[in-house]
Amino acid sequence: MDEKERIDALAEMADPKNIPKDLIVVSVWLILAVASIYVPFVNETFIRIILTVPVILFIPGYVLIAALFPEKTSIDGIERFALSVGLSIAVALIGLVLNYTPFGIRLDPIVISLVIYTVIMMIITLYRRARLS
């Protein structure tokens, strides 16, 4: 891939109308979950649990699977779901790595690390899907 093709792929990837719907849903869900953790009157309700459980048990694996298999037809829905749940549990082991940092296993470092991981995987997914088209 030459330099012009890379620039074209990045420009196409940055166009808002080319962002896939599934990644928009993941982004909105992630924003709502983080807001439910830090907004004072929401973080003590069941809404926090409803919004954050998928961020821990589904979304990290989903964006990893989306990056590994960018085509929708490469694996079917049930395989994508099962792998997403399984890999999310594996990705949740980021918390064990945090234990050996000065930050430790606390709410803020876990939220930050999961958000950074998810955003990086979403960028990789966008790039790989842009290269397919």
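**Ground rules.** I worked on a predicted model, where local features need pLDDT of at least 70, side-chain atom pairs count only at pLDDT 80 or more, and totals for chains, interfaces and linings use all residues. Residues are numbered from 1 along each chain as its sequence is written, and side-chain values use heavy atoms, with hydrogens and water left out.

**Entry 1: salt bridges.** I took a salt bridge as a side-chain nitrogen of Lys or Arg within 4 Å of a carboxyl oxygen of Asp or Glu. By that rule I found two salt bridges. Lys72 and Asp22 meet in one, at 3.1 Å from N to O. Lys72 sits in the loop between H4 and H5, while Asp22 is in helix H2, 50 residues apart. I took helices (H or I, at least four residues) and strands (E, at least two) from DSSP runs, numbered from the N terminus.

Asp22 also forms a salt bridge with Arg129, at 2.9 Å from N to O. Asp22 lies in helix H2 and Arg129 in helix H7, so this pair ties together parts 107 residues apart in sequence. I noted the three residues Asp22, Lys72 and Arg129 as a network of salt bridges.

Is Asp22 buried or exposed? I called residues buried under 20% relative accessible area, exposed over 50% and partly exposed in between (1.4 Å probe, protein chains only). Asp22 has 15% relative accessibility, so it counts as buried. Arg129 is buried as well.

**Entry 2: aromatic pairs.** I paired rings of Phe, Tyr and Trp (its six-membered ring) if their centres lie within 6.5 Å; planes under 30 degrees apart are stacked, over 60 edge-to-face, and the rest tilted. The whole structure gave me two aromatic pairs. Phe58 and Tyr62 have ring centres 5.6 Å apart and planes at 25°, so I logged the pair as stacked. Phe58 and Phe81 make a tilted pair, with 5.6 Å centre to centre and 35° between the planes. This pair links distant parts of the chain: Phe58 is in the loop between H3 and helix H4 (59-68), and Phe81 is in helix H5, 23 residues apart.

I then looked up accessibility. Tyr62 is buried, at 11% relative accessible area. Phe58 is partly exposed at 25%. Phe81 is partly exposed at 47%.

**Entry 3: Val85.** I placed Val85 in helix H5 (residues 77-91). Val85 is partly exposed, with a relative accessible area of 26%. What does Val85 contact, leaving aside its neighbours within four places in sequence? With contact meaning heavy atoms within 4.5 Å, I got Leu57 and Phe58. I also checked Val85 against Leu98: they are 13 residues apart in sequence and 21 Å apart in space, C-alpha to C-alpha.

**Entry 4: the largest pocket.** I used a 1 Å grid over the protein atoms alone; a cavity is a set of points where a 1.4 Å probe fits but cannot get out, and a pocket is an open set with protein on both sides within 12 Å along at least five of seven lines. Lining residues have an atom within 4 Å of a point. The largest pocket has 13 lining residues; Ile37, Thr52, Ile56, Val111 and Leu114 lie nearest its centre. Helix H2 (21-38), helix H3 (46-57) and helix H7 (107-132) each give two or more residues to this lining. H7 gives the most, with five.
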